[in-house]
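Open your viewer and get ready to click along.

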Amino acid sequence: MNFKEILELIDKVSESGIGAVEVEQAGTKVRIEGKPAPQQQVMAAPQQQQDSAQPPMIYAAPQPVETKAEEKKRLDEESEVGLHIITSPIVGTFYRSPNPESGPFVQEGDRVTKGKVLCIIEAMKLMNEIEAEIDGTLVKIYPQNGQPVEYGEKLFAVKA
Amino acid sequence: MFSKILIANRGEIALRVIAACKEMGIKTVAVHSEADRDSLHVRYADDDVCIGPAVSKQSYLSISSIIAAAEITGADAIHPGYGFLSENAHFAEIVGECQLTFIGPPPEAIRLMGDKARARETAQKAGVPIIPGSEGAIRTVEEALDVARGIGFPVILKAAAGGGGRGMRICWDAEELPNQFDTARNEAERAFGDGSVYLEKYLERPRHIEIQVFADQHGRVVHLGERECSIQRRHQKLIEESPSPVITEELRQRMGDAAIRLCKAVNYVNAGTIEFLYQDGEFYFMEMNTRIQVEHPVTEEVTGIDLVKEQIRVAAGEKLSVPEGPFKLRGHAIEFRVNAEDPVTFAPNPGKIRELHLPGGPGVRVDTHIYRDYVVPAHYDSLLAKLIVRGKDRLDAIARGRRALEQFVVEGVKTTIPLHRAILNNEQFIKGDLSTRFMDKFTM
């Protein structure tokens, strides 16, 4: 289960208004307790395992959460239909700006043209510029600034 | 000691290293290609990173991806396993430059031993017997003919950068040499990007006998006895055992001393293997493998030393844990390589493992990464499992091997298990009358 999946789960828990959900998968246990207040807590996550082949097993989860999670996944996939997904060509660290002082290369909603630099992925102290593969509107940026990304991980969604 | 080791490999050896790390309380990082997403090494490691597509060049051979994976996961050492980047001096150098520890020998030793012609020269200077042959690489057919006539036919042509049987050609007379020379050069160029070849006397019925060596950073070098790996087909080992049925204590010490001299000559550190050909009481240096070997469990079973843990300890700067003084090999161990191959044609046979039962019980060890429903990818080598059996003597080990192979069930892909069963019932094998030509005449 990667960091993004955990974040999605937190969103789900807060939206559904249920008390808590516990997920165990390949030795990783994540327990999320919801509160009526805006903040959530993530507890007892010993090792974040990035990416796994198996769907998460949800124990003692109230029925609505599971169906809602499934619905979200389905909606996510549906919302990606017709979008061009740019994935990471290398392993490394994702940066949205050329250096910490300057602003990001792109924002969600920006118009991009093929060849425009969208981000930098740092691997072995080398800054690799990732360019837009098509012309279109940038509708989604998946990783957070400074987050490690694997080969093949989703970086951007572009609507042609 | 290291806190987190990245394993730059896949399959059973990645699991083997993870096992050693777990027992030593060291965290692990698995790297994998897209084709290995469902592999056990990914599941068992503490962290895992997808480093590229199925094709090895862009994943398991991609130095920058592996280093980046080590950086984002905070690993402090890299174990290269065998194959892939394990004998790449450039990789070992970069690992060091990135303030990580390469669990293996120094880059200079890898580079020197990786060039077969220079390795031979170095061995000769260190007083290690070598097979008569050309002085370094051969450039022209005329030069090849000259050398061949000098040492007498048959001769063998080998790629200077080679290994694993590619770029090797046997010539029985002067007539076929020109064609074979061209073929060997082309094969070497294609397989290793370096068309240099050298030539040496071809032994007709040699045994492949190798010495396991280990050196620490404090100048101590030991040998851990021999492994006989004569049962090969197309220069790929199928069965390995220790001790060899023909090596006497006196010969073991002579070969071991020669191996140690070579290690000292190249300032070797960590685990290594020196391969010899043996015929009629004489042994000749063939090459040195500067990494852990596939067949290392055979030595582990007869010495009681965990070679992978020893590699990690030595890389961390600790002294060798091998006791001082003469040692004895205890009992007899045999390893069988179970490959996803047609046992008769040896054609690779990737696919889905539909049913699996692994043998167990006394004296049986199986090192494997497969499980039921695992899909054997077509992109990598065909090794599925190593069955290692141990007995009080050779016949005891053979009997145990027969029993374990009977219990070993793999369905869905063809494997070399039926071939191993047949070999264990072969009169010549049982007598220990082995040579690297054994498989040429063997029929199931």
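How many residues does the contact take from chain B, and how many from chain A? The contact takes 18 residues from chain B and 16 from chain A, where two residues are in contact if their C-beta atoms, placed from the backbone, lie within 7 Å.

Some ground rules before the next click. This is a predicted model, in which local features need pLDDT of at least 70, side-chain atom pairs count only at pLDDT 80 or more, and totals for chains, interfaces and linings use all residues. Residues are numbered from 1 along each chain as its sequence is written, while chains are lettered from A and ligands numbered from 1 in the order in which they are written.

**Stop 1: where the chains meet**

Select strand E3 (47-52) and helix H3 (63-73) of chain B: each supplies at least two residues of the side of chain B that touches chain A. Helices (H or I, at least four residues) and strands (E, at least two) are DSSP runs, numbered from the N terminus. Colour that side of chain B by residue type and you will find eight nonpolar, three polar and seven charged residues. Here Ala, Val, Leu, Ile, Met, Phe, Trp, Tyr, Cys and Pro count as nonpolar, Asp, Glu, Lys and Arg as charged, and the others, Gly among them, as polar.

**Stop 2: inside chain B**

Now select Leu6(B), Ala69(B), Ile78(B) and Phe276(B), the residues with the most contacts inside the largest nonpolar core, which has 102 residues. Such a core is a set of buried Ala, Val, Leu, Ile, Met, Phe, Trp, Tyr and Cys residues joined through C-beta atoms within 7 Å. A residue is buried if 20 or more other C-beta atoms lie within 10 Å of its own, exposed if 12 or fewer, and partly exposed in between. Helix H1 (residues 11-24) of chain B gives the most to this core, with seven residues. Not counting residues up to four places away in sequence, Leu6(B) touches several residues, among them Val29(B), Val31(B) and Thr73(B).

**Stop 3: one side of a helix**

Move to helix H13 (residues 417-424) of chain B. Which of its residues are buried? They are Ile417(B), Leu419(B), His420(B) and Ile423(B). These residues lie on the same side of H13(B) because they cover an arc of only 160° around the axis, the arc being that of the directions from the helix axis to the C-beta atoms. Among the elements covering them are strand E10 (221-233) and helix H12 (394-407) of chain B.

**Stop 4: the strands of chain A**

Switch to chain A, which has two helices and twelve strands. Find the open sheet of four strands in the order E5-E12-E10-E7, with antiparallel pairing; two strands pair if DSSP finds at least two bridges between them. Its edge strands are E5 (83-87) and E7 (111-112) of chain A, each pairing on one side only. Next, click Arg111(A), which stands opposite Thr137(A) in E10(A). Strand E6 (residues 92-95) of chain A is joined by three bridges to the antiparallel strand E8 (residues 117-123) of chain A, and there Phe94(A) stands opposite Ile121(A).

**Last stop: confidence**

Finally, colour by pLDDT, the predictor's confidence in each residue, from 0 to 100. Chain B has a mean of 95, and chain A a mean of 76. Over residues 36-64 of chain A the pLDDT is below 50.
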